[in-house]
Amino acid sequence: MSAIKTIIHLETDLHPIPVTTTEPEKRVERTKQLFERMKNQCRAVVMAMENCTKCGRCAKECHVYLGTGDPDNIPAARADLMRAVYKKYFTAGGKLLGSFVGARELDDELLEKWVNYFYQCNECRRCAVFCPLGIDTAEVTIMARQILVYLGLVPKFHMSIAKQVDKTGNNMGIPKGACIDSCEFIEDEIREETGVDVKIPVDQKAEILYVPSSADFFTNFDTMVGAAKFFHAIGANWTISSEILEAGNFGLFFDHDFTMKSHNNRLVRIAKKLGVKKVVQGECGHGWRAARMYTPSLSGPVPFEITHIIEEAAAAIQRGQLKLDPSKNDDKIVTLHDPCNAVRSSNLMEEPRIVLRACVNNFVEMYPNREKNFCCGSGGGILMEEMIEWRKKVTQVKRDQVRATGANYLCAPCSICKAQFPVAFEGYEKEVPGFKIGGLMDLVGYALVLE
Amino acid sequence: MASIEVNGVVIELDEDGFMVNPDLWNEAVAKALAPTEEVTGELTEDHWKVINYLRNYYLQFGIAPMIRKLTKETGFSLKEIYDLFPTGPAKGACKLAGLPKPTGCV
Ligand code: SF4
Ligand code: SF4
Ligand code: SF4
C-alpha cells in the first residue's frame with residue numbers, strides 16, 4: 001500500500017469493516033468485479049458515467065474548484081477519474097481503443113488520483129443542482145470511496161470514527177459515565193440560568209429518543225442546552241441514549257455497505273429497546289440524510305417515526321406551544337448557512353426559517369441560499385487536520401457570502417459545519433467584532449421563556 | 001510513526017503529535033510537547049491548572065470534559081484558555097495533558 005502516495009493518512013487496519021484487504025497485484029481484478037456490481041446496482045452512478053457532455057456548466061458551481069483552481073477538481077473531471085475505468089470495461093470504444101478514448105485500468109497512478117480527488121469532494125451535491133443532465137458527482141464520489149474501501153484504502157480519520165462508533169456508539173468515544181456527568185452539568189447550568197429544573201433523561205423508556213451529535217457534548221454546549229429546554233417546554237416524554245449519542249453517520253460518506261448500515265441498525269435496535277414512538281435527530285446535516293433516507297431502506301421497516309429537531313421546533317412554534325422572546329437575541333444579526341445534506345438531500349428548507357423568524361429579530365439571508373447554498377468546505381467528512389490549509393482555501397466563497405450579510409452570528413445547524421467554520425473564519429472577529437458561530441437550537445434556547 | 005524521548009523513555013506520537021499511549025504521561029512529557037502547540041516559555045501555574053483538570057477528568061471518565069465544563073471548573077474563560085494554549089482546548093491543552101486527540105466533528 002505504501003506505493004500509493006496520497007494527501008491524507010490512510011489506515012491499514014479496517015476493523016470493524018469486514019473486508020479482506022486486496023493485495024496490490026490483485027487490485028485491478030477486484031476493481032473489475034466491483035464495477036460489474038456497480039453497473040447492476042447503482043443507476044445514478046451509471047447515468048453519470050454514460051452521460052456527461054463536458055458542457056462545463058458545473059465548474060463554477062463547485063467551491064472546491066473555485067477555491068483550489070485545480071482543473072482536476074472540476075466536478076466533471078472528478079467523475080472522469082471513474083469514467084476512465086468505466087469506459088475500459090463497459091464501452092465498445094473503450095474496450096477497443098483504450099487510452100485513445102481516455103479508457104484505462106485502475107492502476108496505481110490512477111488509484112493515487114482517486115484517493116486524492118475523491119477525498120477533495122465535499123459530497124455537497126451543489127454541482128447536481130446546476131448540471132443540465134442532473135449528474136450528481138457526489139454519488140460518484142460516494143461510490144468511488146466505497147470501491148476504495150474494498151481495495152483497502154480508507155483515510156485514518158474516517159476509520160478512527162468508524163472504530164469509535166463501533167465501540168461506543170458515538171464519534172468522539174464518549175462513555176456512559178461521561179455522558180451522565182455531562183448531562184448533570186447541563187442540568188445544573190440551566191438551573192443556574194433560569195431557576196427551572198430541566199431534566200435530561202439518559203437510557204430511559206420514553207416516547208421520544210433524541211439523538212444529538214456527540215460534539216454537542218464537547219464543543220456545541222448551547223445546542224444541547226437548547227434541545228433540552230425545548231423538550232422541557234413542550235412537555236415531552238423523552239430520553240437520550242448513551243449507546244447512540246450520535247446523529248452523525250460517517251458511513252454515508254465512504255462506506256454505505258457496512259459503516260452506514262451498522263450505524264442505522266444500531267439506531268433501530270436501541271429505539272426498539274427503549275420502546276419509542278419517534279426518533280428525533282439533532283443538528284447534523286449528513287446524519288439527518290442517513291437516518292431519514294437510508295434507515296428504513298437499508299434496515300427494513302421501522303416501528304417509529306424519524307424526524308428532525310428543527311421540524312419539531314417549527315411545528316411547535318406553529319402550534320403556538322413555545323413562549324419565545326426574540327429580543328433575547330437582539331445582540332445578534334443572524335444569517336443561516338443551509339447545511340447541504342439537510343437542504344439538498346433531505347428537504348430541511350423552510351423549517352429552519354420558521355424557527356429563526358420566531359427566535360430572532362434580525363435575520364438576514366445569505367445569497368445564494370437554500371438548495372443553491374455553498375457548502376461549508378468540510379462536507380464528506382473532510383475534517384482532517386492535514387486538510388486544514390485546503391479547508392481554508394475552499395471556503396473563500398463562503399466567507400464572501402457571509403461578509404455580504406453583515407451578520408455577527410453564523411447559524412450552522414450541522415456539527416461538521418460548526419467544526420469547519422472556526423477554521424474557515426479564522427481571524428474574522430477582527431472584521432466583525434464578537435462574531436460567533438453556533439447552531440439553531442442554541443438560538444431557540446436563548447429565546448425560550450421557561451416556566 | 002513519530003516519537004520523542006523524555007528522560008530516557010520513548011514516547012510514541014500519532015500523526016497529529018498526540019500520545020499513542022496516554023499512560024506514559026508525566027509532567028516532563030507535557031513540557032516536551034509544549035513547543036509543538038505554540039506554548040512558549042515555562043509552563044505556568046495557570047497552564048498546570050488546565051492540564052491537571054483535563055488529566056484528572058480523563059482518568060476518571062475516559063474522555064475530555066465538555067469545554068464549557070472545563071472553563072467553569074478552572075475559572076478561565078475560553079479566551080484565557082486560548083491565551084494559554086494558542087491552538088485551543090481541544091488541541092493544545094488536550095495534547096499537553098496526554099489525552100488522545102478528540103475525534104469526530106471537532
Ligand atoms: S454540468 Fe453536467 S454535463 Fe456539464 S460538464 Fe458538468 S457534469 Fe458534465
Ligand atoms: S459534490 Fe460538491 S464538492 Fe463534490 S464535485 Fe460537486 S460541487 Fe464539488
Ligand atoms: S458539513 Fe454541513 S455544509 Fe458541509 S456538506 Fe455537510 S451539511 Fe453541507
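Visitor: What makes B:Glu15 and A:Lys156 a salt bridge?

Guide: In this predicted model, the closest N and O atoms of B:Glu15 and A:Lys156 are 3.3 Å apart. A salt bridge is a side-chain nitrogen of Lys or Arg within 4 Å of a carboxyl oxygen of Asp or Glu, so the pair B:Glu15 and A:Lys156 meets the rule.

Visitor: How do you know which residues and atoms are meant and may be counted?

Guide: Residues are numbered from 1 along each chain as its sequence is written, while chains are lettered from A and ligands numbered from 1 in the order in which they are written. Local features need pLDDT of at least 70 and side-chain atom pairs 80 or more, whereas totals for chains, interfaces and linings use all residues; side-chain values use heavy atoms, without hydrogens and water.

Visitor: How do you know how many residues of chain B and chain A are in contact?

Guide: Contact means heavy atoms within 4.5 Å. By that rule 22 residues of chain B touch 32 residues of chain A. The buried area (accessible area, 1.4 Å probe, that two parts lose on being put together, summed over both) is about 2,400 Å² for this pair of chains. Carbon and sulfur atoms give 63% of that area. B:Met66, B:Thr103 and B:Cys105 supply 31% of what chain B buries against chain A, more than any other three residues.

Visitor: What makes A:Arg145 and A:Glu123 a salt bridge, and which parts of the chain does the pair link?

Guide: Their side chains meet at 3.1 Å, N to O. A:Arg145 sits in helix α8 of chain A and A:Glu123 in the loop between α6 (108–118) and α7 (126–130), 22 residues apart. Helices (H or I, at least four residues) and strands (E, at least two) are DSSP runs, numbered from the N terminus. A:Arg125 lies in the loop between α6 and α7 as well; its phi is near 70°, a positive value in a residue other than glycine.

Visitor: How do you know which residues surround ligand 3, and of what class are they?

Guide: A residue is near a molecule if one of its heavy atoms lies within 4 Å of it. For ligand 3 the residues include A:His337, A:Cys340, A:Cys375, A:Cys376, A:Cys414 and A:Cys417. Helices α16 (340–343) and α20 (415–424) of chain A each give two or more residues to this shell. Ala, Val, Leu, Ile, Met, Phe, Trp, Tyr, Cys and Pro count as nonpolar, Asp, Glu, Lys and Arg as charged, and the others, Gly among them, as polar. The shell of ligand 3 has 7 nonpolar, 3 polar and no charged residues.

Visitor: What is omega for the cis bond joining A:Tyr367 and A:Pro368?

Guide: Omega is about -10° there. A:Pro368 lies in the loop between β8 (363–364) and α18 (388–393) of chain A.
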